[in-house]
Amino acid sequence: MKLAMYNHQPTFVALQNGQFWGIPITGYDSIDDILNDWQNFLANVLININDDKIIDNDDAAQLDPTHFEQPVRNSRQLPAVGFNYLDHMKEMDIVKPKRPNIFNKFVSSLAGPQNSIHLSGDTVDWESELVVVHRPRRQKH
């Protein structure tokens, strides 16, 4: 399960058989809003969602990858969610945690939906991450 901006709306995204599936995240207008309310979101929303719940949801729709948006604007931190793929945990012989593992990534790891990714060698690990970045909303006074 990943969080993404899709057609100007925060969306839960899962991949099945090479196809993206998504359900809109209600109660938030942007990923920034989610990150500003992260503890509440983690405790009340994120803990109850996974790939199967997205794909099996009656409101799930196939997503066109060209409609994904980069929600990143001048971020200093990249919070990420780990241990959310059961198959990967089984490969690594890791027991599923009660809560997702939350950690930070480097800003240099960012790439937008249309960016080129330059490889530094002849091989690359098959795993990649979709990272959502928080930028505090500036309020006018």
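Is Tyr6 buried or exposed? Select Tyr6: at 11% relative accessibility, this residue counts as buried. Buried means under 20% relative accessible area, exposed means over 50%, and partly exposed is in between (1.4 Å probe, protein chains only).

Before moving on, note that the model is predicted: local features need pLDDT of at least 70, side-chain atom pairs count only at pLDDT 80 or more, and totals for chains, interfaces and linings use all residues. Residues are numbered from 1 along each chain as its sequence is written, and side-chain values use heavy atoms, with hydrogens and water left out.

**Stop 1: the main core**

Select Leu3, Phe12, Ile34, Trp38, Phe41 and Leu46. These have the most contacts inside the largest nonpolar core, which has 20 residues. Such a core is a set of buried Ala, Val, Leu, Ile, Met, Phe, Trp, Tyr and Cys residues joined through side-chain atoms within 4.5 Å. Now colour by element. At least two core residues come from each of β1 (2-6), β2 (9-16), α1 (31-36), α2 (38-44) and α3 (51-55). Helices (H or I, at least four residues) and strands (E, at least two) are DSSP runs, numbered from the N terminus.

Apart from this core lies another, of five residues, including Tyr6, Val13, Leu63 and Phe68.

Go back to Leu46. Leaving aside neighbours within four places in sequence, Leu46 is in contact (heavy atoms within 4.5 Å) with Met1, Phe12, Trp38, Phe41 and Val81.

**Stop 2: the rings**

Show the aromatic side chains. Rings of Phe, Tyr and Trp (its six-membered ring) pair if their centres lie within 6.5 Å; planes under 30 degrees apart count as stacked, over 60 as edge-to-face and the rest as tilted. By this rule there are five aromatic pairs.

Start with Tyr6 and Phe68. Their rings are edge-to-face, 5.4 Å centre to centre with 65 degrees between the planes. Tyr6 is in strand β1 and Phe68 in strand β5 (residues 68-69), so the pair links distant parts of the chain, 62 residues apart. Phe68 is buried too, at 17% relative accessibility.

Phe20 sits in strand β3 (residues 19-24), 48 residues from Phe68. Phe20 is partly exposed, at 27% relative accessibility.

Next, select Phe12, Tyr28, Trp38 and Phe41. Ring pairs link these into a cluster.

**Stop 3: the β1-β2 loop**

Select Asn7, in the loop between β1 and β2. Asn7 is not a glycine, yet has a positive phi of about 50 degrees. This residue is partly exposed, with a relative accessible area of 40%.

Finish at His8, in the loop between β1 and β2. His8 has a positive phi of about 65 degrees, although not a glycine. At 68% relative accessibility, His8 counts as exposed.
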